[in-house]
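Here is a short report on one helix and a few backbone details. Look at the model first, then read on.

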Amino acid sequence: MVTHNGERSFHGDGYENATFAVEETPASRTMTIENEDHGDGGGSRRDSDDKLPSVEMIFKGKVEPSWTEQLTIRAFVVSFVLGVLFTFIVMKLNLTTGIIPSLNVSAGLLGFFFLKSWTKLMEKSGLLKQPFTRQENTVIQTCVVATSGIAFSGGFGSYLFGMSSTVADASSETNVAQNTKDPSLSWIIGFLFVVSFLGLFSVLPLRKIMIIDYKLTYPSGTATAHLINSFHTPQGAKLARQQVRTLGKFFSFSFLWGFFQWFFTAGEGCGFANFPTFGLKAFDNRFYFDFSATYVGVGMICPYLINISVLVGAILSWGLMWPLIKNRKGDWYSAELSESSLHGLQGYRVFISIAMILGDGLYNFIKVLGRTIQGFIKQYKKKEVIPVTERDSPQKVSNSYDDEVRTKLFLKDGIPLWVSIAGYVAIAAVSMGVVPKIFHQMKWYYVLVIYIVAPALAFCNAYGCGLTDWSLASTYGKLAIFGIGAWAGESHGGVLAGLAACGVMMNIVSTASDLMQDFKTGYMTRSSPRSMFVSQIIGTAMGCLISPSVFWLFYKAFKDLGSPESQYPAPYAAVYRSMSILGVEGFGALPDHCLTLCYIFFFGAIIINLIRDTIAKKWAKYIPLPMAMAIPFYLGSYFAIDMCVGSLILFIWGKLNKAKADAFGSAVASGLICGDGIWTLPSSILALAGVQPPICMKFLSRGTNSRVDKFLGS
């Protein structure tokens, strides 16, 4: 799903069988555009295992490891290494455009490759004590995605960095001390530790009801399980090795390409990333191809409609609207205002994109909530009673051999009810004491109110995600921004209180749906619920340490981090801060005529979604997605062009050899993303060490070049 944190995830089965999220993830473990995931529905479909040849018959006769045997030291060592790798990737994407592709396939694939290689080496040396199983592979995948997921839900590119004076100064609005808090490694780690685990305990008692009794689909979790199961068959292992080799080749190419580009970036505006592909006038309006291997890879993973929607949004905003509004300078807004002021052109960019995001989010919130209630009523009528815990839920007789063997293990390794209640109460009590110490604007009773309503919202998010594969974590976070921010008020630091409340709420509801996705994956790979839960906790704990450390490296290495013109503009930090300002100050924060345009785009997003859901599917796939369209309103179109190039490559490849494109497309894309993403580590170290690139490659107009030559000649 597009989750994760931005809010939709792209995984190959969201809108038109491909999920996507902006902002956020990996919430439902697909692609994140600001974290509202939009799947293709999924309804209350049952697993398709009973229509396919039995999967468990393939593994019949193999000794299944106990839940403690699934939690191996080697699995967590591999998880740590991959967690660091993927955290760098997610952090870079967070701080550039906020579009984060699903890393589930890469996590499962690389986890399989590393441990398979390790066990083969141990086997040849006669030291192998325990074979590598699909359960151990599931533990790795769960731990890695939980670790890197904190890079998104932690708000490093959104609400958390939006608190900083850097973002506040860039907007030149409401940047008094009580509404700002600059990043510090100590308080970020403390905050994440007290808010990131609650969601895991909030829906734990309902695991059997959702997975076995209601047979919720959880498309992303199901797809991941099918992938892992296939790896551990002879044919799947052979294909996996070929995919890993392909990923390695493009990883190396992408890393070396990033290294090569670095040599030409000695000054501001230098390098291939500033190549005026379509001319200098188009470049000034942010239309150019910036040679980013990352976003070419992202484009190969995202559905065609997502990429086209982003491009349409870029043309509408930077090609038409902003040049026209800029011509109204001195009429609609003061000519003396800086371009970064929210009362100037920047205000139109930010608030119109917010209006589209909120309109899209509201529509899909109501839609998913309606489906959730409808599905819940169906189950109520079937059972005549809604079970409160898994003890109360009636047993179902399964007609499938796969369901029988999976259910037996799933029920065998139960997790006591007292664990979830005690865990939730204990962490909530600690959090109520710690969060107000970190943010004095966030009173303890604000936190208490969030924790009272959060379990119900976490259930709704986890249940709706099971039906539709959509995680609405960021929507709940935005509700907290407006609710708590307005409650606190402008004079009592409402802007910062709203952002902190967003973080508390988002972490709870996001991890709740993530846990259920993992339980579904574990159920279908016959992994113990206990090992899944422990893996999720360990992965979350690692993420609470790794993500702040990686962010801190970015923060210290790139001094202009968060600036609109920076290599890392962190666009959603400004968007989330602007939402909080809007919630506290009201519409008075908007420049002239901006409110009218916001209304048009808010209702336009709702109408577009409504049309998509009412017309025939064959026509709906040609209608752009409002959330995807909103992303370039603030950033520009350069990454949209990169993504469309990725789509074009995949399209041509599919026409030439569809089988190879289907088998290796995601491996190529993952290699491009991973290589360019990991180059960030050495580039950050070079920046910290004060090592500067030797060359500045810059492009000038003919007139400017003549003036430069004349100046140098004199």
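The buried residues of helix α3 are covered by parts of the chain that include α2 (73-96), α4 (134-153), α9 (219-231), α10 (234-262) and α26 (658-678). This is a predicted model.

Which residues of α3 are buried? They are N104, S106, A107, G108, L109, L110, G111, F112, L115, T119 and M122. An α-helix has 3.6 residues a turn, so residues three or four places apart point the same way.

Next comes the length of α3. The helix holds 21 residues, 104-124. After α3 comes G126, a glycine with a positive phi near 75°.

Positive phi also turns up in residues other than glycine. R526 is one of them, with a phi of about 55°. A570 is another, with a phi near 45°. Both sit in loops between helices, as the table shows.

| Residue | Phi | Loop between | Relative accessibility |
|---|---|---|---|
| R526 | about 55° | α19 (494-524) and α20 (529-557) | 18% |

R526 has 18% relative accessibility, so R526 counts as buried.

Notes: Residues numbered from 1 in each chain as written. Predicted model: local features only at pLDDT ≥ 70, side-chain atom pairs only at ≥ 80, totals over all residues. Heavy atoms only, no water. Helix = DSSP H or I, 4+ residues; strand = E, 2+ residues; numbered from the N terminus. Expected span 1.5 Å × (residues − 1). Buried < 20%, exposed > 50% of the residue type's maximum accessible area, 1.4 Å probe, protein only. Contact = heavy atoms within 4.5 Å.
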